[in-house]
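Dear colleague,

Please find below the sequence and structure that I am handing over to you. My findings follow directly after them, and I would be grateful if you could read the two side by side.

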Amino acid sequence: MSGISSFTPRFLTAPEYVFALHEPSDEVAVLVRNRMRQQTTQRILPAETIASAPIQSWLHEQNLSGADIFIGMNPVREGSRNRTKEHIREIRHAYLDLDEEAGASLQQIRTSGDIPQPNFVLDTSPGKHQVVWRVEGFDTDQAESLLRALASQYGGDPAATDISRLLRLPGFTNRKYNEAFIVRAHHETDNLHDFRVHEDSPESPRHLSDSQQGSRKLPPGHRSQSEADWAYVKRALARGDDPQEIMRRIADYRAQEKADPQYYAQRTVTKAQLETQHEAARSRPIEIDPVPTNDRGRDQ
C-alpha cells in the first residue's frame with residue numbers, strides 16, 4: 001500500500017450523508033418539523049430506509065410544504081420508539097451549531113490546531129454552520145462534557161449539547177427564515193482524531209486518546225477539580241461572561257460530585273470576582289499630584 005489516502009472532499013447528497021453518518025442497519029431518528037402548522041413528526045427507521053427513494057421523496061414533499069428536516073447524530077437502541085438519552089445506543093459524533101459569528105468560529109476551528117479538522121461542515125443558512133466530527137469510545141457523560149466544552153470554547157449553541165441531538169439533513173430547504181436556503185454538507189475529512197480542549201473548563205471533556213482504541217487519559221499537568229473550576233471561572237469572568245451563567249455551568253458540571261453544587265458554584269464565582277477586583281485595584285497606576293508650575297526647579 002502507498003499510504004496515500006484516496007479520500008476527496010466533496011458535497012454530499014442526503015442519502016450519502018445518511019450513510020456517512022450511520023451504518024445501513026442503524027436505527028436512527030428522522031424528524032419533520034413544520035413551524036407554520038405547529039406539527040412535528042418523528043420516525044425511527046434504519047438508516048438504509050431513511051436514505052431510500054420512498055422516504056427521501058416523502059421528506060421532500062414535507063419540505064416543500066414548509067417543514068424542516070433533521071436527522072439524529074447518534075443511533076438509538078433497537079426497538080426504541082423515541083430518542084431520549086437512555087435510548088442512545090452509541091456515541092458516534094460530536095458537533096457544534098454555530099449561529100453568532102459562525103464564520104469566525106469556523107475559521108478558528110480550522111486553524112487553531114487545538115482540535116481535529118471537522119469531518120463534515122454543513123451550511124445551514126447564510127453565514128451559519130453546523131460542524132460534525134466522528135468519535136468513538138465515549139459514554140454519555142464524556143460526550144456531553146465534550147459538547148459543552150466545544151460550545152463554550154467556539155461560540156456554539158449551548159442548547160445543542162445533548163447526545164440525542166438532531167441536526168439538519170442536507171439537500172433540504174431551511175424553512176426557519178423567510179429567505180429559502182438549501183442546506184449543504186461538505187465532507188472534509190474521513191478520519192478520527194484526538195480531541196483536546198482547555199482542561200480548566202467545567203465543560204471540558206476528558207482527553208480522547210488514540211481513535212482506534214478509544215481509551216482515555218488525563219493530559220499532562222492535569223489540575224485538581226477545584227483548581228480547574230477556579231481557572232475556568234477566572235477566564236470566563238475575564239472575557240465578560242455573565243456570573244450567573246458561570247455559576248449555572250459550574251453547578252451543572254459538578255452536580256454529581258458535590259453535596260450542594262449550587263453553593264459550591266456560588267462560592268467559587270464570588271471569590272473569583274473578589275480576587276479579580278483586587279487584582280484590578282493592585283494593577284491600577286497610582287496617581288500622583290503634579291508639582292505646581294511655580295514650584296518646579298525650586299531648591300528645597
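Helices (H or I, at least four residues) and strands (E, at least two) are taken as DSSP runs and numbered from the N terminus. This is a predicted model, in which local features need pLDDT of at least 70 and side-chain atom pairs count only at pLDDT 80 or more, while totals for chains, interfaces and linings use all residues. Residues are numbered from 1 along each chain as its sequence is written, and side-chain values use heavy atoms, with hydrogens and water left out.

Overall picture

The chain's secondary structure comes to 8 helices and 11 strands. Of its 300 residues, 44% count as buried; buried means under 20% relative accessible area, exposed over 50%, and partly exposed in between (1.4 Å probe, protein chains only). A contact means heavy atoms within 4.5 Å. Among contacts in the chain with a separation of 6 or more, 66% come from residues 24 or more positions apart.

The pLDDT is the predictor's confidence in each residue, from 0 to 100. Its mean over the chain is 82, and 78% of the residues reach 70 or more. Over residues 205–224 the pLDDT is below 50, and this stretch has 46 contacts in the model beyond near neighbours in sequence. Residues 291–300 also have a pLDDT below 50, with 1 contact in the model beyond near neighbours in sequence.

Nonpolar cores

In soluble globular proteins, nonpolar side chains tend to be buried together. A nonpolar core is taken here as a set of buried Ala, Val, Leu, Ile, Met, Phe, Trp, Tyr and Cys residues joined through side-chain atoms within 4.5 Å. The largest such core has 57 residues, of which Y17, L59, L96, V132, W133, L150 and L169 touch the most other members. Helix 5 gives the most to this core, with 6 residues. Leaving aside residues up to four places away in sequence, L59 touches V30, V32, I69, L169 and F172. A second, separate core of 12 residues includes Y232, M247, Y264 and V269.

Aromatic rings

Rings of Phe, Tyr and Trp (its six-membered ring) pair if their centres lie within 6.5 Å; planes under 30 degrees apart count as stacked, over 60 as edge-to-face and the rest as tilted. By this rule the count comes to 1 aromatic pair. Y17 and F120 form it edge-to-face, at 5.5 Å centre to centre and with 90° between the planes. Because Y17 lies in helix 1 (residues 14–21) and F120 in strand 6 (residues 120–125), the pair ties together parts that are 103 residues apart in sequence. Both Y17 and F120 are buried.

A charge sits over a ring if NZ of Lys or CZ of Arg is within 6 Å of the ring centre and within 35 degrees of the ring normal. R33 lies over the face of F70, at 5.4 Å from the ring centre, and the charged end of R43 sits over the ring of W58, 4.2 Å from its centre.

E144 lies in helix 5 (residues 140–154) and counts as buried, at 7% relative accessibility. Its side chain makes a polar contact of 2.9 Å with the side chain of K85. Not counting residues up to four places away in sequence, E144 touches K85, T161, D162 and I163.

E188 is found in the loop between strand 11 (184–187) and helix 6, and is buried at 16% relative accessibility. The side chains of E188 and R110 are joined by a polar contact of 2.4 Å.

D229 is placed in helix 6 (residues 225–238) and is buried, with a relative accessible area of 0%. D229 and I250 are 21 residues apart in sequence and 7.3 Å apart in space, C-alpha to C-alpha.

Backbone

Most residues other than glycine have a negative phi. Q38, which is not a glycine, has a positive phi of about 55°; Q38 is in the loop between strand 2 (27–34) and strand 3 (39–46) and is exposed at 74% relative accessibility. E101, also not a glycine, has a positive phi of about 50°. E101 sits in the loop between strand 5 (93–98) and helix 4 (102–111) and is exposed, with a relative accessible area of 67%.

With kind regards

Key
Polar contact = N/O pair within 3.5 Å; in protein donor to acceptor, adjacent residues only side chain to side chain.
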